[in-house]
Amino acid sequence: MATITQLNVNGTSRSVSANSQESLLIVLRDHLGLTGSKYGCGEGQCGACTVLIEGTARRSCITRVGTVADKRITTIEGLATGDRLHPLQQAFLDEGAMQCAYCTSGMIMSAVSLLNGNPNPSVSDILDSMEGNICRCGTQPRIVAAIQKAARNQKGAGQ
Amino acid sequence: MTEKLHFDFPIERERYELQEAPSYRFETDRREFFRYLGAGILIVCAAKATRAGQESGGGRRPSGEALPQEISAWLHVGDDGGVTVFTGKVEVGQNIRTSLSQAVAEELHVSVAKIQIVMGDTQLTPYDRGTFGSLSTPVMNLQLRRAASAARDVLINLAATQWQADRTRLVAADGRVTDPTTKKSVEYAALVKGQQLTESLPAVDPLAPAAEWTVAGQSLPKVDGRDFVTGKHQYPSDQKIADMLYGKIVRPNAFGATLISVDTRAAEQIPGVTVVHDGNFVGVAGPSETISQTAAATIRAEWKSDRQPSSKELFEYLKKNVLPRDPDDTPPQIVGAVETALVAADHRLQQTYTVAYIAHAPLEPRAALAQWNGDRLKVWTGTQRPFGVRSELASTFHIPEDHVRVLMPDMGSGYGGKHTGETAIEAARLARAANRPVKLTWTREEEFSWAYFRPAGVIEITSGMRKDGSVTAWEFHNYNSGEAGIRTYYDIPNQKIEFHPTKSPLRQGSYRGLAATANHFARETHMDELAHVAGMDPLEFRLRNLQDERLKAVFTAAAQKFNWGRAKTGAGQGFGIAGGCDKGGYFATCAEVSADRQSGDVKVVRVVTAFECGAIVNPDGLRNQVMGANIMGLGGALFEAIEFEDGRILNGRFSKYRLPRFSDVPEIEVVLLDRKDLPSAGAGESPIEGIAPAIGNAIFNASGVRLRSMPLVPDGLKSA
């Protein structure tokens with residue numbers, strides 16, 4: 001079985017030694033100590049493990065690490081620029097869009113992916129693209145508000 | 001039946017709420033505190049309203065005396081100006097870390113940023129029964145306010161002595177004591193330098209009334225929110241220490257199964273893997289999650305189990321398997337003469353309601369990291385009862401409780417589902433065999449099968465009513481689901497209310513709101529049916545039979561915001577209302593649904609919940625709780641149900657067990673009634689209890705179909 005020795009994570013080349021069939025989530029969490037991505041179900045149904053592959057949301061628990069060895073991987077830990085939070089991280093804080101917050105990193109990564117492809121999403125776009133992320137505490141309305149706020153802020157910042 | 005604590009509402013007994021007494025009393029030496037914390041002021045709170053304090057007229061015990069035997073919390077003001085609070089309560093997403101910080105900041109007059117709260121560490125925090133029953137706010141918030149208030153008094157006294165000034169004119173604000181007359185001012189940090197003062201708290205202390213709060217009562221954001229949006233926060237399942245192995249358990253193929261034979265030879269051949277076979281326990285510990293999974297998969301185990309009932313026959317099973325009541329169970333509650341009143345009534349109604357088992361499904365499954373040092377054990381684990389888990393570990397491994405330290409990092413929710421210590425025990429068993437620390441994180445499938453469920457139940461109601469809509473007779477029988485919220489708050493002169501324990505096919509236990517959800521569902525659905533029989537508006541009917549002013553207030557507030565009584569604007573539209581009170585919280589929920597009888601689709605369009613729990617500590621946190629409770633409750637109301645057969649869970653994964661998702665969430669409005677004249681009650685649970693009957697009643701209003709089982713529409717409305 002092929003062994004993966006390098007991963008491009010959060011803009012840095014990281015050395016690993018992983019079986020190409022292992023799940024990306026396990027490699028991120030256990031090999032690289034990036035525990036911001038969470039295990040929730042292991043079958044791509046809850047979104048807690050969401051990361052970006054080349055800027056697009058992917059469930060890392062069902063992604064084999066061998067398939068992303070040459071791709072840009074972004075996790076929640078790589079989103080802020082120094083002390084400056086990503087607009088979505090800031091919007092989640094501003095809207096208080098969390099309770100236990102175990103889903104939060106996956107929610108933010110899914111939302112980053114949405115705004116990358118659609119900077120001005122309608123509510124229905126947001127609901128569609130977030131449907132695969134579960135918040136068991138029930139903060140969905142605040143998450144929608146946070147995504148709308150981040151979209152507005154990004155637009156403002158871009159002009 | 002009820003236990004009157006030192007706040008103003010009764011706590012109903014709940015047989016499924018695990019709350020064992022402490023197996024030993026925490027004793028400590030004040031010198032130990034200062035060795036650990038450094039110089040400063042230490043305030044120790046007694047767990048109960050101290051009798052000594054009351055007998056001596058409320059005066060404080062002098063410093064240096066022995067500390068109370070039962071301590072509930074303590075607070076330390078250090079010579080760096082930092083305030084450290086120790087409580088055995090835990091943060092599970094209910095935002096108690098933030099609201100307790102506010103309570104301390106309010107009374108001590110320091111900024112929230114100066115306050116650190118150490119929670120749920122059995123070595124550092126005093127004994128606590130657990131975080132459940134919506135008790136953290138009414139009990140711990142009050143305790144910490146008292147402790148902070150006492151600390152402030154000590155600081156003012158220190159300054160008064162230093163300045164030879166009259167203490168009554170000194171003012172504490174912003175972490176300083178100031179004398180407005182002389183303009184002298186000193187920071188708390190400077191005042192406590194070199195001091196080792198201890199105060200043990202009496203029962204009563206003058207506290208700032210809620211109407212004068214400046215920090216408490218405000219919408220403070222989550223104190224460590226930044227750690228959560230950056231992925232920095234370390235949950236129980238994120239813990240890692242040097243040399244750690246990863247555990248994996250080989251599970252039986254059915255509940256209650258016995259191991260007949262096991263072949264672990266292949267697993268033992270894998271380098272770095274330790275295999276444990278001890279009675280019914282079979283597990284492995286290996287150098288990576290992947291290797292442990294592989295090793296566990298090679299183990300061949302043969303199990304034997306007895307035939308067990310299935311979810312299809314659940315409700316007949318419960319009715320047929322009634323058990324004698326425990327001495328602690330609530331006896332039947334009888335008021336007036338229900339049989340006579342039923343005979344005399346103009347209308348009689350008899351109906352049966354059922355509630356399925358449901359799963360907590362906390363997004364973070366149970367996890368534990370266990371580390372042995374000789375016969376001393378340290379475990380990081382996600383639990384609502386760190387001290388309960390400590391007892392379980394001590395008893396399982398035959399070691400004294402003071403050899404066990406349980407730490408509870410703020411976890412990925414619990415909802416009543418993480419009271420027990422299986423994961424901690426399993427990790428510790430593997431760690432002992434491997435002679436290395438072991439982390440075990442349950443898979444989602446394990447979490448669904450090997451934790452426990454909200455009790456299922458059957459509720460039978462027989463009622464009698466006069467022509468004018470006055471309910472005169474109320475007979476209520478609850479089979480298995482439990483006692484919380486069983487009493488009716490309607491003003492009914494003749495009542496018989498009885499809880500019947502039964503055998504349970506599945507392991508059952510605490511859950512957010514617990515039996516109060518089932519009892520409110522049955523009661524509020526039945527009241528709606530009676531309103532229909534009487535030909536009255538459901539709200540008007542309830543108010544007619546209600547005396548309780550707090551409950552009337554939330555019904556009225558919800559109805560007003562919802563615009564109750566307005567005409568329907570479309571086919572399939574329906575409106576429903578339900579309300580009640582539990583654990584000190586008063587709630588009323590209005591729901592609008594759209595029900596399509598052709599397709600069977602039911603969509604909850606809009607929900608308004610009015611909620612009142614006394615003086616509000618953090619309005620934004622409370623809104624978040626009330627909204628979240630409604631959304632979580634939506635799942636149990638509409639579609640959540642555990643399916644099982646012969647000792648196995650059939651739908652124990654997210655692709656098979658439907659949880660509320662973004663598209664299920666209606667427009668939700670929360671109306672908060674702030675009663676600054678009443679003590680603060682907890683709010684994590686009761687707002688979940690109104691949504692199911694409100695939706696069921698709205699479906700009836702929309703379609704004429706009366707649904708009496710939770711979940712209401714697991715397969716759509718057509719099958720009903």
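1. Within chain B, 20 residues of domain 1 are in contact with 18 residues of domain 2. The side of domain 1 of chain B that touches domain 2 of chain B comprises 7 nonpolar, 8 polar and 5 charged residues. It should be kept in mind that this is a predicted model.

2. For orientation, the domain assignment of chain B places domain 1 at 2–220. Two segments make up domain 2 (236–305 + 366–441), and two make up domain 3 (312–357 + 453–710).

3. Chain B contains an open sheet of 7 strands with mixed pairing, in the order S13-S14-S11-S21-S18-S19-S20. Strand S13 (274–278) and strand S20 (404–407) of chain B stand at its edges, each with a single partner strand, so each has one side without a neighbour in the sheet. From one strand to the next, the twist averages 20 degrees.

4. At the S13 end, 5 bridges join the antiparallel strands S13(B) and S14(B). Val275(B) has Val284(B), in S14(B), as its bridge partner. The hairpin of S13(B) and S14(B) has 2 residues between the strands, and Gly279(B) takes a positive phi near 65 degrees there.

5. S14(B) also pairs with S11(B), in the antiparallel sense and over 4 bridges. Here Gly286(B) in S14(B) stands opposite Tyr246(B). Because 5 of the 6 residues of S14(B) are buried, this strand is largely enclosed by the rest of the structure.

6. At the S20 end, strand S19 (residues 376–381) of chain B pairs with S20(B) in the parallel sense, over 4 bridges. Leu407(B), in S20(B), is the bridge partner of Trp380(B). Helix H11 (residues 386–397) of chain B lies across S19 and S20 of chain B, and runs at about 145 degrees to S20(B).

7. The largest nonpolar core has 259 residues. Those with the most contacts inside it are Leu75(B), Val104(B), Ala147(B), Ala151(B), Val379(B), Ala427(B) and Ile695(B). Helix H4 (residues 136–163) of chain B gives the most to this core, with 11 residues. Which residues does Ala151(B) contact, leaving aside its neighbours within four places in sequence? They are Ile41(B), Ile43(B), Leu75(B), Val77(B) and Leu108(B).

8. Chain A is assigned domain 1 (3–78) and domain 2 (87–158). The C-alpha centres of these two domains of chain A lie 21 Å apart, and their contact takes 14 residues from domain 1 and 13 residues from domain 2. On the domain 1 side, strand S3 (50–53) and strand S4 (56–59) of chain A each supply at least two residues; S3(A) gives the most, with 3 residues. That side of domain 1 divides into 7 nonpolar, 6 polar and 1 charged.

9. Between the chains, 43 residues of chain A are in contact with 45 residues of chain B. Helix H1 (24–31), helix H2 (87–95), helix H3 (104–117), helix H4 (123–130) and helix H5 (140–158) of chain A are the elements that give two or more residues to the side of chain A that touches chain B. By class, this side of chain A has 21 nonpolar, 15 polar and 7 charged residues.

Technical notes. Residues numbered from 1 in each chain as written. Chains lettered and ligands numbered in written order. Predicted model: local features only at pLDDT ≥ 70, side-chain atom pairs only at ≥ 80, totals over all residues. Pairing = 2+ DSSP bridges. Axes fitted to C-alpha atoms, helices over the stretch in contact; angles between N-to-C directions. Contact = placed C-beta atoms within 7 Å. Nonpolar A, V, L, I, M, F, W, Y, C, P; charged D, E, K, R; others polar. Core = buried A, V, L, I, M, F, W, Y, C linked by C-beta atoms within 7 Å. Buried ≥ 20, exposed ≤ 12 C-beta atoms within 10 Å, placed from the backbone. Domains from an automatic or database assignment.
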